[in-house]
Amino acid sequence: MKIQVLIYIYLAIALIVSRIPILKIYTALCNTLIHEVFHVICAALLSGKIFHKIILNNDASGLAATTVNSKFARIVIAYAGYTGSSFTAVALFYLINKGYFHMIISFFIVLSIISILLWIRNVYGFVWGISLILLLSFLIYKNYEVLIIHTSIFLSAVILLQSIFSAFAVCKLSFIRRKDAGDATSLARATFIPAAVWGIVFFAQSLYAGYFVMKHFLI
């Protein structure tokens, strides 16, 4: 079976999973982690402080608590989350296109390990991260080649869809609850640009990432 066909299948499966409560939360947290990690990486680069704090919640939401002083740093950090998720989605499908399935699994393992050691500071997030590491490490340890291929495609599909879904959610919030629209609100407070504009930017770039994946890796 062609990889492109598998990708379409797993995009459909990821869409179905996004409607199943328990599975939705577990898989969506992969995207949440990536989102929050981009926040803390930017904070570390701009503040010089490595240790920040990530909270992963049992509703698939997350929070990155960072300490920076400048307005420029706050803008970059707030912008990095949704942008980082979209960028990661494209990068993952690039790796699929090149056949680097082991690298995708390793990426999630390493990301989770580093996050647990440096940033994740709540019990739920810690347990979720450990479980993901164990599940993916088992595939590598047993060298289940077929499962590695299928799992890497599924996780990539999840990241792509969740990056779009989460960007749409914040875009919607930026119109109806502009003072409680997460990163869009943070950017509005740090700039003269309204939260709704930032919401549109986040959603538009997530759609472009989806279009880019479709054009370059699926058609």
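These legends describe close-up views of a predicted model.

**View 1. Helices α2 and α6 cross.** Helix α2 covers residues 21-47, and helix α6 covers residues 145-176. Their axes come within 9 Å. The crossing angle is roughly 70°. Angles of 65 to 115 degrees count as roughly perpendicular, and α2 and α6 are therefore roughly perpendicular to each other. The crossing is right-handed.

**View 2. Side by side at the contact of α2 with α6.** From α2 come T27, A28, C30, N31 and I34. They meet F154, L155, V158, I159, Q162, S163 and S166 of α6. By class, this contact holds 7 nonpolar and 5 polar residues, with no charged ones.

**View 3. The largest pocket.** Its volume is about 960 Å³. The lining has 34 residues, and H35, E36, S61, G62 and Y82 are the closest to the pocket centre. Two or more lining residues come from each of α2, β2 (62-65), α3 (71-98), α6 and α7 (183-190). Helix α2 gives the most, with 7 residues. The lining of this largest pocket divides into 14 nonpolar, 12 polar and 8 charged residues.

**View 4. The second largest pocket.** This pocket holds about 180 Å³ of space. Its lining includes V17, L23, Y26, T27 and C30. Also in the lining are L132, L135, L136, L139, T151, F154 and L155. The elements giving two or more residues here are α2, α5 (123-142) and α6. In the lining of the second largest pocket, 10 residues are nonpolar, 2 are polar and none is charged.

Note on methods: Residues are numbered from 1 along each chain as its sequence is written. This is a predicted model: local features need pLDDT of at least 70, side-chain atom pairs count only at pLDDT 80 or more; totals for chains, interfaces and linings use all residues. Side-chain values use heavy atoms; hydrogens and water are left out. Axes are lines fitted to C-alpha atoms, for helices over the stretch in contact, and angles run from 0 to 180 degrees between N-to-C directions. Helices (H or I, at least four residues) and strands (E, at least two) are DSSP runs, numbered from the N terminus. Angles under 35 degrees count as roughly parallel, over 145 as roughly antiparallel, 65 to 115 as roughly perpendicular and the rest as oblique. A crossing is left-handed if the near helix is turned anticlockwise from the far one by less than a right angle, and right-handed if clockwise. Contact means heavy atoms within 4.5 Å. Ala, Val, Leu, Ile, Met, Phe, Trp, Tyr, Cys and Pro count as nonpolar, Asp, Glu, Lys and Arg as charged, and the others, Gly among them, as polar. On a 1 Å grid over the protein atoms alone, a cavity is a set of points where a 1.4 Å probe fits but cannot get out, and a pocket is an open set with protein on both sides within 12 Å along at least five of seven lines; lining residues have an atom within 4 Å of a point. Grid points are joined across faces, edges and corners, and a volume is the space filled by probe spheres set on the points.
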